[in-house]
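Subject: Handover of a structure and notes on its contents

Dear colleague,

Please find the structure below, together with its sequence. My notes on what was found in it follow directly after.

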Amino acid sequence: MGFIMDMGGFPIMNLSLLFLGLIVFIAGWRRSRRLLEPPRLHEAIPFVSNAWHFMKNKRLFIERVTDALAASPIVQCRLGPMNIYLVTGNSNVSAIFRSSFSSDPWVMRILEHSGAYALADLTKFATDTSGGARVPQADGRARPLAQEERIWHAKHRLHDEALMNTRSVTALSAAFQRFFGERLAAFPVGEWVEDVRISAFLRNSMATAATRAALGSRILEINPDFVEAFWEYETYVEPLAFGLPHWLNRRAVRSRDQFRAMCLKWYEIANREFHCDGTSSYEGVDWEPIFGSQISRGLAQWVKSFDFASESIGGVYALFVFGLQSNTVAICTWVMMEIIRDPNLYREIKEEISQAEVINDSDEVAFNLQELVSKPLLQSVYTEALRVHVSILITRTSTEPVTIGGYQLPAGSVFQAPTHVAHFDEASWGTADRPASDFWAYRHIREVETIDAVGHVKKQREFSMMGRGGSFFPYGGGISICAGRAFAKHEVLLAVAMMVSNFDVEFIEWVNPNGSRSDRPARDHTGYGNGIAAPPDRDMKLSWRRRR
Ligand code: HEM
């Protein structure tokens, strides 16, 4: 009692004041800490809920992020073991595309968990801190790495040479046109085929044609189930990157390992066949059946020069096929669905496509590629499909201390910019009668007046982003921007043009995955965790008749 009342002569009043002061101090300190740190995305079970939510229903997770980013342009969130800063706004997003931000740590997670690279090869990436750019980043090494030891840079150079330059894009597009044409030619001329499901058709035929174009035909002969195994693996690529223990992710790990094994089996056979006569007769050609294209042969060269282990080589090709297929097929499907459901749009698209038709040496209808990919309405529909259906969190790590959204954050902070927030921003995209949430085929078109040779004023359509490019980054940005973006556009527009130009099409109904009639059109597949373009959750059933 005496202890409570006077504490050996220390009056209770003083003790209460001291205690109160301490509480005020702690509350103030915590508030000031909070002010120094961005607000945090709510999480019911710390370390678990957000990561679980992300993997199981990414669309809902991104909607929660969108709400949080409406209140603050930067929000913290824990995804499994990682603390992440989610950012929005043109200046914050362009900041993370600067060269002082790197995608390498995130890519390393993908290589390790989604590609299952061998530890020895992961170490080669981890120890090369010189970055991907031509000029090495200062990394404080006593002996800077020689150019040929720079593994990130070698990969970037390969992408530039074998994916981005005009010759490689033209060669890949020509091969794709040939192989997709063969799939279409399998339909009888003049006969209506009643039960074509556009999503299922493209997942098989477009993926097969793109695989042959990029990797050659041999890979499909060696692995008849290659395309099915790919789609199984594809659903797990992004969830795998979080590196959950295998026992929590058994199916994902099994699919990954099966697909990598297929890639490796082909690589080993292809490698022997390609070099069987010591000097391959295929050297220098644009396309051959064993390795396919320049990018595929380049990858083979790259893995050899860095002495990759076999298990990594399977992962290298598995991840390449992921980049090649998973977005183009989904985007092409959305473009077809949107134009088929709107007869006027279909008619106008068909008219544009007919202007790019040419007769090739074999007397067949082909396309002037440059003309095709610059048609205003086709580009607008393609851009709108990317705007509405691409949802990715572009991820970067700061290599130096940085101020973003008014917060000073240390080197090593991980940032993610959700495309969804920018792509659905009303201020950038909405119009009085067309909210940003709607797909509107004509959103990226403007009418301009031109005067012809005899002085007549003509109205003409032009494709235009109208200065809104900063709110549109479906291909990411900075040095890690998608290396396949030029081919992606060619491939999607070619596939659309070939179907529209060669077939009469009639819509029948929307169907559920089990084939039963759906009472609503397709929406983004919400449970989809793969990362970039969401595929449709319903299919479109149609009948079509090949015209020639
Ligand atoms: C509509 C189709 C496509 C979309 C929306 C898309 C989107 C993306 C995105 C968002 C990234 C990450 C960029 C970043 O972190 O800033 C990426 C990277 C990449 N993509 Fe694509 N992509 C598409 C098609 C393709 C195709 C067809 C290929 C291959 C032929 C491809 C190859 C790559 C490669 C190699 C990278 C890694 C680039 C690097 O780290 O340097 N992509 N893509």
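Asp307 is found in the loop that lies between α15 (294–305) and α16. Please bear in mind throughout that the model is predicted.

Backbone points

Although Asp307 is not a glycine, its phi is positive, at about 55°. The residue is exposed, and its relative accessible area is 62%. Ala116 likewise calls for a look at its backbone: phi is near 50°, a positive value in a residue other than glycine. Ala116 sits in the loop between α6 (104–114) and α7 (119–127). With a relative accessible area of 12%, Ala116 is buried. As background to both cases, most residues other than glycine have a negative phi.

An unreviewed UniProt entry places the feature "binding site" at Cys482.

There are 23 residues around the ligand, and those that come nearest are His156, Arg396, Gly477, Ser480 and Cys482. Sorted by residue class, the shell holds 13 nonpolar residues, 9 polar ones and 1 charged one. Four elements each supply at least two residues of this shell: α8 (151–164), α16 (310–340), α19 (376–389) and β7 (393–398). The largest share, 4 residues, comes from α16.

- Arg396: a polar side-chain atom is 2.6 Å from an oxygen atom of the ligand.
- Gly477: a polar backbone atom is 3.1 Å from an oxygen atom of the ligand.
- Gly323: a polar backbone atom is 3.4 Å from a nitrogen atom of the ligand.

Aromatic pairs

Searching the whole structure gives 29 aromatic pairs. One of them joins Trp266 and Phe291 in an edge-to-face arrangement, with 5.5 Å from centre to centre and 70° between the planes. This pair links distant parts of the chain, 25 residues apart: Trp266 belongs to helix α14 (residues 250–274), while Phe291 is in the loop between α14 and α15. Both Trp266 and Phe291 are buried. Separately, one aromatic cluster is formed by Tyr117, Phe125, Trp152, Trp302, Phe306 and Phe308.

Is Asp504 buried or exposed? Asp504 has a relative accessible area of 19%, and the limit for buried is under 20%, so the residue counts as buried. Asp504 is part of strand β13 (residues 503–511). Which side chain does the side chain of Asp504 contact? The partner is the side chain of Arg547, and the polar contact spans 3.3 Å.

Summary

For the backbone, they are the positive phi values of Ala116 and Asp307.

With kind regards

Technical notes: Residues are numbered from 1 along each chain as its sequence is written. This is a predicted model: local features need pLDDT of at least 70, side-chain atom pairs count only at pLDDT 80 or more; totals for chains, interfaces and linings use all residues. Side-chain values use heavy atoms; hydrogens and water are left out. UniProt positions are given in the numbering used here, feature names are shortened, and annotations may be inferred rather than shown by experiment. A residue is near a molecule or strand if one of its heavy atoms lies within 4 Å of it. A polar contact is a pair of N or O atoms within 3.5 Å; within protein, one must be able to donate a hydrogen and the other to accept it, and residues adjacent in sequence count only if both atoms are side-chain atoms. Ala, Val, Leu, Ile, Met, Phe, Trp, Tyr, Cys and Pro count as nonpolar, Asp, Glu, Lys and Arg as charged, and the others, Gly among them, as polar. Buried means under 20% relative accessible area, exposed over 50%, partly exposed in between (1.4 Å probe, protein chains only). Rings of Phe, Tyr and Trp (its six-membered ring) pair if their centres lie within 6.5 Å; planes under 30 degrees apart count as stacked, over 60 as edge-to-face and the rest as tilted.
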